Amino acid sequence: MDPQTYLDIATVVTKLKMYPYFDIAHYTLMCLAVREDAHPHSSQQGAGANAMPFSRKHPLSSWLSSMLICFAGSFIANFLLGEPVITPFKDHQSILTATAVWYLVNFSPFDLAYKLVKFLPVKLVISVLKETQRAHKIYHGVLVAAKLYPSAYIIIVLVGTIKGAGSGVMKNFDRLIRGIWIPGSNEILQPTFATKASLVASMIFLCERLNLINVPHPLIYFGVVLFFVYFKLSSVILGIHDPFAPLENLFCAIFMGGMWDALRRATVKKPAEEDETKDPRNEVIKPKEEKKKD
């Protein structure tokens, strides 16, 4: 592709407005995630699929849970920056749009909206829009944090990451509203690819602000968008959920003691094994075979 054409496309992507299409895609995937987390058998066949969904039994809890996930990045970022946490509820247009999406995902006739979203071509389009919005939120999170704390690089990266992957951080509190408590599953213990990728994107935008990357901003922004879109499509189509896993395993093996632990296990015998080899009582005595009678 001609570099000028590529730059023009990148400039157009940079100036895209998120409302309504990109925001609707985000709300759709978030409400879908809440529905499947609250009622994991809803997309499967069998007895579980015929059970009453959580949204039918507890519509208020389902709605509040969906709103928390839809605006999770804003809630957590406001809390970290000392802003009113409830600020996202000031935007009536966004709240009404998210509520309409929640209603369609959970209560549409014959479950048509849910089935349509689960249809692979539709899900791919929605995923592309969602990942484009994620890059937009990360960039603006970095901008806001950089204005408030110009030299606090950790805060800038943290806010950008939260803006891009706040739903994962909010998941435990969101589940608590729905009566589920799984403390062993959270983004600190088991970070998802969205959180890791948002962290990388925040660091890239920070390096751009520090003039460590001498590339036009539209190209950097468009590159981040393509990064998110490519790996999201790989996850949906090919099932590649965490491309960072091989790099993490290699890093842990070299710098976090994994290599030395493996070497020790290969060379040093365990005391229990030595005792078993030395103790004659552990020997298995095979019964003598009886002579066959003529």
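This is a predicted model: local features need pLDDT of at least 70, side-chain atom pairs count only at pLDDT 80 or more; totals for chains, interfaces and linings use all residues.
Ile-156 touches Val-142, Ala-145, Ala-146, Tyr-149, Pro-150 and Leu-206, leaving aside residues up to four places away in sequence. You'll find Ile-156 in helix H10. Is it buried or exposed? With a relative accessibility of 1%, Ile-156 counts as buried, because buried means under 20%. Now look for Phe-205, which sits 49 residues from Ile-156 along the chain. The C-alpha atoms of these two residues are separated by 9.7 Å.

One stretch to treat with care is residues 44-51, where the pLDDT is below 50. Beyond near neighbours in sequence, residues 44-51 have five contacts in the model.

Next, the empty spaces. Rolling a probe the size of a water molecule over the atoms shows where empty space is left.

| Space | Volume | Lining residues by class |
|---|---|---|
| Largest pocket | about 1000 Å³ | 14 nonpolar, six polar, 13 charged |
| Second largest pocket | about 610 Å³ | 11 nonpolar, 10 polar, six charged |
| Largest cavity | about 60 Å³ | five nonpolar, five polar, four charged |

Let's start with the largest pocket, at about 1000 Å³. It has 33 lining residues, and those closest to its centre are Met-30, Ala-33, Arg-134, Lys-171 and Lys-232. Which elements give two or more residues to this lining? They are helix H2 (21-38), helix H9 (120-148), helix H10 (153-177), helix H11 (193-209) and helix H12 (217-238). H2 gives the most, with seven residues.

The second largest pocket holds about 610 Å³ of space. It is lined by 27 residues, and Phe-71, Ser-74, Pro-88, Lys-137 and Lys-163 lie nearest its centre. Two or more lining residues come from each of H2, helix H6 (72-81), H9 and H10. For this pocket H9 gives the most, again going by residues in the lining: seven of them.

How many cavities of 30 Å³ or more are there? The count comes to two. The largest cavity has about 60 Å³ of space, and 14 residues line it. Closest to its centre are His-26, Gly-73, Lys-137, Gly-166 and Ser-167. The elements giving two or more residues to the cavity lining are helix H5 (59-70), H6, H9 and H10. H10 gives the most here, with six residues.

Residues 60-80 are 95% helix and 0% strand, and their end C-alpha atoms are 27 Å apart. Residues 100-117 are 78% helix and 0% strand, and in that span the end C-alpha atoms lie 15 Å apart.

Technical notes:
Residues are numbered from 1 along each chain as its sequence is written. Side-chain values use heavy atoms; hydrogens and water are left out. pLDDT is the predictor's confidence in each residue, from 0 to 100. Contact means heavy atoms within 4.5 Å. On a 1 Å grid over the protein atoms alone, a cavity is a set of points where a 1.4 Å probe fits but cannot get out, and a pocket is an open set with protein on both sides within 12 Å along at least five of seven lines; lining residues have an atom within 4 Å of a point. Grid points are joined across faces, edges and corners, and a volume is the space filled by probe spheres set on the points. Helices (H or I, at least four residues) and strands (E, at least two) are DSSP runs, numbered from the N terminus. Ala, Val, Leu, Ile, Met, Phe, Trp, Tyr, Cys and Pro count as nonpolar, Asp, Glu, Lys and Arg as charged, and the others, Gly among them, as polar. Buried means under 20% relative accessible area, exposed over 50%, partly exposed in between (1.4 Å probe, protein chains only).
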